[in-house]
Amino acid sequence: MSTTTRRQFVSLLGVAAAGAAVAACGKAGDSNAAAVGGAKTTTLRYQGSVGQVTPPELAQDLGYLGNVKLKWVGNTISGPQDIQSAATGQTDYGGAFNGAVAKLAAAGAPITAVIGYYGVDKDAYSGFYVLNDSPIKGARDLIGTKVGMNTLGAHSEAILDIYLSRNGLTPADIKKVEPLVVPPITTEQSIRQKQIEVGVLGGIFRDKALATGGIRKVFSDFELLGGFTAGTYVFRDDFIKKNPDTVRTFVSGVGKAIEWARTTPHDQVLARLTKIVQGRGRNETADALKYWKSYGVAGKGGVIVAKEFDTWITWLEQQGQIPKGKVKASDVYTNKYNSFAAGGQ
């Protein structure tokens, strides 16, 4: 099982973030010139997820993106990696946990969040799961354990740290809980084979594991914080300046897709998502989609509110990962390009 320690990740993120501003400003003469300071573009390069349909992919299939086209360049399981790719010009947009977005912005990367795309609700939540016979019942039992999650420095690690802190663990205790990177597709297997004591499971991976049985939840992000939009899509600032109409079409189209998924009968949504996966030729299966329930976005059409960043900025400051006052929520996001922000659709 491939793993990455917390210290290794923080170091890598710091290096990537420090170079993001230079990379975003220095690529005008390369193959990405259309996206970075060159001609305008209506084609957006992006990374997807195996066996899953992102809101932009759904928007494109529904015809909500107009003349804007998506160009898939590969898959990722890491939000921080996805937004770093956008910041450095390898892709045109990327999505991540709002804390990771704030951290990258605080490091000087010229990016702006424009729409929420995933969140937490009663159906779309991530739980921290153990085997049924595990002795782990609460926060203090996690000391000395390995906790598998899709990436470090993002949603799951923040939730874990907040849970441990709220339940009385000291900073020294918390350091003894070891987050490890485990791909979502193999997290269930890693729990069952006892390669890790705890695994974070959400969405289709969670429901598939629960259907098999033999595991139980210790706690979830929904139980800890209630419903909220957790992640946003970002563009580079120079891309937005050069392509405001493309960004506006993309954002409003994705907002429409989020609302379509929220208001359309569940069986119809599943049928549409399944058709998309089966028709795109990426050597993947749509089997897990039968467990899909919700994107979990709180705001109508993905409209962002300040508290969805404030929570994580405070956490990052408390963790010493960004200087206090270095970044404010208003510096990180805008609803300017979202038609739903003004009561439209």
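This is a predicted model: local features need pLDDT of at least 70, side-chain atom pairs count only at pLDDT 80 or more; totals for chains, interfaces and linings use all residues.
Local features need pLDDT of at least 70, side-chain atom pairs count only at pLDDT 80 or more, and totals for chains, interfaces and linings use all residues. Residues are numbered from 1 along each chain as its sequence is written, and side-chain values use heavy atoms, with hydrogens and water left out.

**View 1. Helix H12 spans residues 266–279.** Helices are DSSP runs (H or I, at least four residues), numbered from the N terminus. H12 has 14 residues and reaches 20 Å from first C-alpha to last. That is close to the 20 Å expected at 1.5 Å a residue, where the expected span is 1.5 Å times one less than the number of residues. Gly 281, with a positive phi near 65 degrees, follows H12.

View 2. Val 269, Leu 270, Leu 273, Ile 276 and Val 277 are buried (under 20% relative accessible area; 1.4 Å probe, protein chains only). Helices H2 (55–62) and H11 (244–263) are included in what covers the buried residues of H12.

**View 3. Helices H3 (residues 79–87) and H4 (residues 98–106) pack at about 40 degrees.** Their axes, lines fitted to C-alpha atoms over the stretch in contact, are 10 Å apart. Pro 80, Ile 83, Gln 84 and Ala 87 of H3 make the contact with Ala 100, Val 101 and Leu 104 of H4 (heavy atoms within 4.5 Å).

Methods: Helices (H or I, at least four residues) and strands (E, at least two) are DSSP runs, numbered from the N terminus. Buried means under 20% relative accessible area, exposed over 50%, partly exposed in between (1.4 Å probe, protein chains only). Axes are lines fitted to C-alpha atoms, for helices over the stretch in contact, and angles run from 0 to 180 degrees between N-to-C directions.
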